[in-house]
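I opened the notebook to record what I looked up in this structure. The entries follow the order in which I checked things.

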Amino acid sequence: MYRTVYSFVLQARAHLPDAIGGVAWYGQSSPHASVYVPFSCAQREVPSAYVLGKESEFTPGSAWWAFSFVNNWSMIRFDAISKDVRAHIADLQNWCFTERKAMEHHVTTHADSLTASEVRMYLQERSNRLASKVVDNWWAFAWKLVGKFTDGYITTGEAPGEMEMPGYPAWWLKLTVFSKCPGNTLELPHVQALKKQRELFDSRQDASVSVVLQQPAEAPSSTVSITQIAIGAVIGTFVGAFATWFVAVRKGRSAYRPIG
C-alpha cells in the first residue's frame, strides 16, 4: 500500500507498571514489508532516524526511507524479491520479540532495586538501541537486494551458475501480446519524403564542390587550399549520407503505434 507512511500496534497490560505494560510496536512504510520495533510508552526519546526524513527528498539516515526504498525496489520483481523480504522480516521480528522479552524480564527481576526513573531509562536505551540496529540491518539488506536483483537477473555469486534470468510468466507474455509484437503496428517511414531530402542534400553538395573546383588556381598555396576544400566537401557528402540513413533507421524504430 503506497499510501501507508507508518503503522503501529499498541500493547496494553494493566497488571504491569506503565513503562513495562504499555508498548508501541512501530513500523515504517507499508505494513506488509516492515519490521515492528517496540517502544515503551514511558520513554521520552526515540532514535533520530525515526523522526528524520521527507517524502520528497531521499535521506539515507531515515528509518522510513530504509523501508520505503526496499518496498519500491521490490516492485521491479515482486514475486521473487518479496520472498527474501518476508524471510528477513521474520528473522528481525523474532529478534525484536526476544529483545523485548529480555527487557521486561530484567526490569521485573530487579523491580525492588530499580526506581521508576531507572526503569524508564533502561527501557528507553535498550529500545532505542534495538530500533537503530534494525534500521542499520535493513539498509544493509537493501543493498544486498540491489546487487541480487538487477537488470532482470537474480545474481547470488560470481560463478557462471550463480546468475539466473527467470524471464516473465507465460500468462503475462500472453496478456501483453509480447510474442506478437510488432504485428501490424509498424508504420513504414515516409520513403518519398526521405528520398527528396536526400536528393536536395546531394544537389547542394554537388553545387558546393562545383563552385570550389571552378575557382582559378593563382598560386601553389591556393591550389592546396582548394584541394583541401574539395576533400572536405567529399567527406561532408559521406557524413550527410550517413546522417540521412541514420534518421531513416531511427524513424523506422520509433514508428510503432498502439493497437486500438
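The entries below cover a nonpolar core, a helix and a sheet in this predicted model.

**Entry 1, the core.** I looked up the largest nonpolar core and found 40 residues in it. I noted the members that touch the most others: Val 35, Tyr 50, Val 85, Leu 123, Val 134 and Trp 138. I then listed the elements that give two or more residues to this core: helix 1 (18-21), strand 2 (23-28), strand 3 (37-40), helix 2 (63-73), helix 3 (78-109) and helix 4 (116-148). Helix 4 gives the most, with twelve residues.

I checked burial here. Nine of the eleven residues of helix 2 are buried, so the helix is largely enclosed by the rest of the structure. Among the buried ones I wrote down Trp 64, Trp 65, Phe 67, Phe 69 and Val 70. Ser 68 and Asn 71 are also on that list. The cover over these residues includes strand 2, helix 3 and helix 4. At the start of helix 2, I found a side-chain oxygen of Ser 62 within 3.2 Å of the backbone nitrogen of Trp 64.

I traced an open sheet of three strands, in the order 4-5-6, with antiparallel pairing. Strand 4 (149-150) and strand 6 (163-164) are at the edges with a single partner strand each, so one side of each has no neighbour in the sheet. Strand 5 (residues 153-155) pairs with strand 6 over two bridges. For Thr 155, the bridge partner in strand 6 is Met 163.

Terms used. Residues numbered from 1 in each chain as written. Predicted model: local features only at pLDDT ≥ 70, side-chain atom pairs only at ≥ 80, totals over all residues. Heavy atoms only, no water. Pairing = 2+ DSSP bridges. Helix = DSSP H or I, 4+ residues; strand = E, 2+ residues; numbered from the N terminus. Core = buried A, V, L, I, M, F, W, Y, C linked by side-chain atoms within 4.5 Å. Buried < 20%, exposed > 50% of the residue type's maximum accessible area, 1.4 Å probe, protein only. Contact = heavy atoms within 4.5 Å. Polar contact = N/O pair within 3.5 Å; in protein donor to acceptor, adjacent residues only side chain to side chain.
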